[in-house]
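Subject: Structure for you to look at

Hi,

Here is the structure I promised to pass on. Please open it next to this email and follow along.

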Amino acid sequence: MTTECRVDGTQIRDDQGRLRTDDRRAVARPCQQTPQIPHPSFLTQMAEAEGDPRDLVKLTHDKLSVDTVSDSVTCPSCGAISIFIGTTRNSFEGMKVVQLEYEAYIPMAESELRKIYTDIRARWPTVRHICVHHRLGVVPVTEASVIIGISSPHRRDSLEAVQYCIDTLKGTVPIWKKEVYEADESRWKENKECQWT
């Protein structure tokens, strides 16, 4: 988009705020725009207007809901909600998978997730709300094992934070997965990201 700018880069506007086109000092060229890094006062104003950021964790045997996760991270100041949904697939290395079974050491899992949240907030300070729901017990094929939702004013932060969250969760959070196969076989699986193997 081209707007009228002075040579020094400022726009020429009349006393009603309309862009002027009759100033001889104007040249027709795009105004330079630099990426805006949020000022700390913006983050403070955002927090005051909408309450404290939410860091939500749910480990459950119940079926997971994308709508519940999305609704929990929605806020007026955020133009982006990024969601990751991990589901049970029907095969692994040529074997037919009928379901997954998850177990967790819940107090430690919740503690490790909160550490991930702290890291996310340090790396992406505009992230507003974070929610992770992870299913335990039996998870049939096509159903969600994990849903992560993160909101931020702009998409880049929430997208990067969601990827960081799932990768770090798989590497550090004590939740274990067993694949159950059609031939009455099963195998405990380790994540390639896992740090304790």
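The partner is His-134.

One caution before going on: this is a predicted model.

Now the strands around that pair. S3 and S7 run in the parallel sense, and 6 bridges link them. S7 covers residues 129–135. Both strands belong to an open sheet of 4 strands, in the order S3-S7-S9-S4. Pairing within this sheet is mixed. Its edges are S3 (55–60) and S4 (80–87), and each of these pairs on one side only. On average, neighbouring strands here are turned by 5 degrees against each other, direction ignored.

Two helices pack on the sheet. Helix H3, residues 106–123, touches S3, S7 and S9 (144–152). The direction of H3 makes about 150 degrees with that of S3. Helix H4, residues 155–172, touches S4, S7 and S9. The direction of H4 makes about 145 degrees with that of S9.

Now step back to the whole chain. It has 4 helices and 11 strands. Of its 197 residues, 39% are buried. The accessible surface comes to about 12,100 Å², and carbon and sulfur atoms account for 49% of that. Last, take the contacts between residues at least 6 apart in sequence: 68% of them join residues at least 24 apart.

Best wishes

Note on methods:
Residues numbered from 1 in each chain as written. Predicted model: local features only at pLDDT ≥ 70, side-chain atom pairs only at ≥ 80, totals over all residues. Heavy atoms only, no water. Pairing = 2+ DSSP bridges. Axes fitted to C-alpha atoms, helices over the stretch in contact; angles between N-to-C directions. Contact = heavy atoms within 4.5 Å. Buried < 20%, exposed > 50% of the residue type's maximum accessible area, 1.4 Å probe, protein only. Areas by Shrake-Rupley, 256 points an atom, 1.4 Å probe, with all protein chains shown as cover.
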